[in-house]
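Open the model in your viewer and keep the sequence panel beside it. The stops below say what to select next and what is there.

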Amino acid sequence: MGLTGHDIRTGLDRLVAGMTGLKHSGRFHEPNLDGSAGDYISFDSWEWPQGVGLYGLVRLWLLTGREDLRRLVEDWYASQIAGGLPDLNVNTTAPMLGLSVLWAKTRDPRWQPVLDAWANRVLSEMGRTPEGGFEHHVSDRINDNELWDDTLYMVALFLASYGQASGRRELVDEASLQFLVHTRYLADPETGLWFHGWTFEGRHNFARARWARGNAWITAGVLDLFDLAELAPPVRRFLEGVLVAQVDTLLRLQAPSGAWRTLLDDPTSYEEISATAGIGYGLLKGYRLGLGTPAWRSAGLRALEAVMRNIDESGTVLNVSYGTRMGHDLQFYKDIPIQPTGYGQALAILCLSEALNHVGAEG
């Protein structure tokens, strides 16, 4: 494609517009456990897709210094907090990551009491599996004794970020524990890829799905963890090895288009762009941080081109799979519908933002 920095910046402007314009169409009816309506699409809802979206916007603000982005994010958080926050669970913790990164930069006194209170509740109230992992309880479902890939991005990164910024070492240590426990049960030693989930009820990995977006949460999440917090050297070295083992296989499974399929090792499953963006972001970032070979950068740039081809004129990222529950067979993943989402927008923003470090401002 011969992408230039100008192309990428134009794409980023469109992605922001596409994210903030997302509205729930009523296509999906997913009521929460408390009886309230679930909204995993609209920008003005406090849920995990929007949480990942806000993190992407904050990272873009840090990269560009655009004050309009800072105002957008601060106004969003101020409005949500004034209206009252939802019950604590894994997915409602996700918006705290962007707020933590924002506070670490601005030290705005409005945010620290909210962050402190939420972090304290995570440590004291969040359900635990054997060995201390966070159970993947979410707004509309209780998943007792289950570990999911997603939990690390939605909860552990917030603890790492806020713990580092606030000097609360116990939060960084808890984030480290979560990465270690989840690695023990979700990383496949045969391939280096990650399974979507694990249950201590029957002790198995459900469908043993090597699901693309779950793996993207890991590729991106491990590298963001390194960015957000100072880890104990043995923990960091261990996770570096886990990451390299995963990427070695991801490189072999990239499709000719530059994308990855929703089931990474199933050539009959569809190509999925949120995972492609997350993995591409991780590969480019890993190369920049000195953890990867030139093959990481090459694959990351091919992923970037695939993502760019899937941004429409309104700034909406296409071919994004909708929120995915735990599947008990592989066909379940192949049948997940396509739907524009906040996390699709956010992972694309992270991918394009990181690409500016590799393509350059002027191409």
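Select Phe-206, which is buried, with a relative accessible area of 15%; buried means under 20% relative accessible area, exposed over 50%, and partly exposed in between, using a 1.4 Å probe and protein chains only. This is a predicted model, in which local features need pLDDT of at least 70 and side-chain atom pairs count only at pLDDT 80 or more, while totals for chains, interfaces and linings use all residues. Residues are numbered from 1 along each chain as its sequence is written, and side-chain values use heavy atoms, with hydrogens and water left out.

Phe-206 is found in the loop between S2 and H8. Helices (H or I, at least four residues) and strands (E, at least two) are DSSP runs, numbered from the N terminus. Phe-206 has a positive phi of about 55° although it is not a glycine.

Now select Arg-203, in the loop between strand S2 (197–199) and H8. Arg-203 is not a glycine either, yet its phi is positive, about 50°. With 48% relative accessibility, Arg-203 counts as partly exposed.

## Helix H8

Select residues 212–228, which make up helix H8. How far apart are the end C-alpha atoms of H8? They are 24 Å apart, which agrees with the 24 Å that 17 residues should span at 1.5 Å a residue. The expected span is 1.5 Å times one less than the number of residues in the helix. Of the 17 residues of H8, 16 are buried, so the helix is largely enclosed by the rest of the structure.

The charged end of Arg-236 sits over the ring of Phe-226, 4.2 Å from its centre. A charge sits over a ring if NZ of Lys or CZ of Arg is within 6 Å of the ring centre and within 35 degrees of the ring normal.

## The nonpolar cores

Next, select Tyr-153, Met-154, Phe-158, Leu-159, Leu-304 and Leu-352. These touch the most other members of the largest nonpolar core, which has 110 residues. Such a core is a set of buried Ala, Val, Leu, Ile, Met, Phe, Trp, Tyr and Cys residues joined through side-chain atoms within 4.5 Å. A second, separate core has eight residues, among them Ala-207, Trp-211, Met-326 and Tyr-333.

Go back to Leu-159. Which residues is Leu-159 in contact with, leaving aside its neighbours within four places in sequence? They are Ala-119, Val-122, Phe-134, Leu-171, Val-172, Glu-174 and Ala-175, where contact means heavy atoms within 4.5 Å.

## Aromatic rings

A search of the whole structure finds 17 aromatic pairs. Rings of Phe, Tyr and Trp (its six-membered ring) pair if their centres lie within 6.5 Å; planes under 30 degrees apart count as stacked, over 60 as edge-to-face and the rest as tilted.

Select Trp-76 and Tyr-77, an edge-to-face pair with 5.1 Å centre to centre and 85° between the planes. Trp-76 is buried at a relative accessible area of 6%, and Tyr-77 is buried at 0%. Then select Trp-198 and Phe-200, which are also edge-to-face, 6.0 Å centre to centre with 85° between the planes. Both Trp-198 and Phe-200 are buried.

To see a cluster linked by ring pairs, select Phe-43, Trp-46, Trp-76, Tyr-77, Trp-111 and Trp-118.

## Salt bridges

The structure holds 22 salt bridges, each a side-chain nitrogen of Lys or Arg within 4 Å of a carboxyl oxygen of Asp or Glu.

- Asp-13 and Arg-66: their side chains meet at 2.9 Å, N to O. Asp-13 is in helix H1 (residues 5–20) and Arg-66 in the loop between helix H2 (48–64) and helix H3 (67–83), 53 residues apart.
- Arg-168 and Asp-116: the closest N and O atoms are 2.8 Å apart. Arg-168 lies in the loop between helix H6 (150–166) and helix H7 (169–186) and Asp-116 in helix H5 (residues 112–125), so the pair ties together parts 52 residues apart in sequence. Arg-168 is buried, at 16%, whereas Asp-116 is partly exposed, at 23%.
- Arg-184 and Glu-131: the side chains meet at 2.8 Å, N to O. Arg-184 is exposed, at 54%, and Glu-131 is partly exposed, at 41%.

For the last stop, select Arg-59, Asp-224, Asp-227 and Lys-285, which salt bridges with shared partners join into one network.
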